[in-house]
Amino acid sequence: MNQRCGILFDLDGVLLDSEGNYSIFWAEMDRKWPTGVPDFAAYIKGFHLGRILAYFPNDDVRQQVLDRLKAFELNMSFDFFPGALDFVQRLHDAGIPMAIVTSSDQKKMQALYNRHPGFPALFDHIVTGDMVTKTKPDPECFLMGAQLIGVDIKDCIVFEDSRNGLLAGRNSGARVIGIASTLSVEEVSTMSDLTVLSVSELSVDQVVHVKRK
């Protein structure tokens, strides 16, 4: 096994089965306070919260959206895709350095940890949206994740599902495994080195030896 390999996981839509719920939430916010952005809920996937809120018209509205988001996330079920945690555990047991690289903020992540206390221990580091200054498709978050786990980005594999996330992975110089949970297989394939429907389809050996297209 290539001991220099590192893994950088997006969270929502890759491990956590939550993108459908977020799409409903953001579409509702866009209906209530129109942003003028076509298909807003799909367009913002992979953006950190600060950038999303900037599309709303004023501070009062942004605060109302933020309050609703907090309530929404407090009541989320935080369900993982079938087999996702088992897959992460196998990578962890193989001694592969790993980080979560998510656009979610610390408050949302704390709510996740409250539901799944053992989750953070599976990873060497967790990069959240409030730790970076540039949002996906900028590669800053993945470059930070690679630095934190001590693996050159060219030796890392990014797991992503959204258009902005896949582009960020590509832009970073990492190899990219695309998860077709949000977009079609055809669209994901144009931005990834390997495309699957779920991480549960993969073996550790497949991951560490994935080839660049």
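The model is predicted, so local features are reported only at pLDDT of at least 70 and side-chain atom pairs only at pLDDT 80 or more, while totals for chains, interfaces and linings use all residues. Numbering runs from 1 along each chain as its sequence is written, and side-chain values rest on heavy atoms, with hydrogens and water left out.

Start with the inside. Buried here means under 20% relative accessible area and exposed over 50%, with partly exposed in between (1.4 Å probe, protein chains only). Phe-159 has contacts (heavy atoms within 4.5 Å) with residues including Ile-7, Phe-87, Ile-177, Ile-179 and Val-207, leaving aside residues up to four places away in sequence.

Five of the five residues of E5, 175-179, are buried, so the strand is largely enclosed by the rest of the structure. Arg-175, Ile-177 and Ile-179 are buried on one side, and Val-176 and Gly-178 on the other. E5 pairs (at least two DSSP bridges between the strands) in the parallel sense with E4, residues 156-160, over four bridges, and likewise in the parallel sense with E6, residues 194-196, over three bridges.

Helix H8, residues 163-172, carries the chain from E4 to E5 in a right-handed β-α-β crossover (clockwise from the first strand over the helix to the second, with the strands pointing away from the viewer). The buried residues of H8 include Leu-166, Ala-168 and Ser-172, and its buried residues pack against H2, H7, E4, E5 and H9. Gly-173 follows H8, with a positive phi near 100 degrees.

As for helix H4, residues 59-74, Val-61, Val-65, Leu-66, Leu-69 and Glu-73 are buried. Seen down the axis, these buried residues fall within an arc of 135 degrees (directions from the helix axis to the C-beta atoms), so they line one face of H4. They pack against H1, H3 and H6, whereas exposed Asp-60 and Leu-74 sit on the face turned away.
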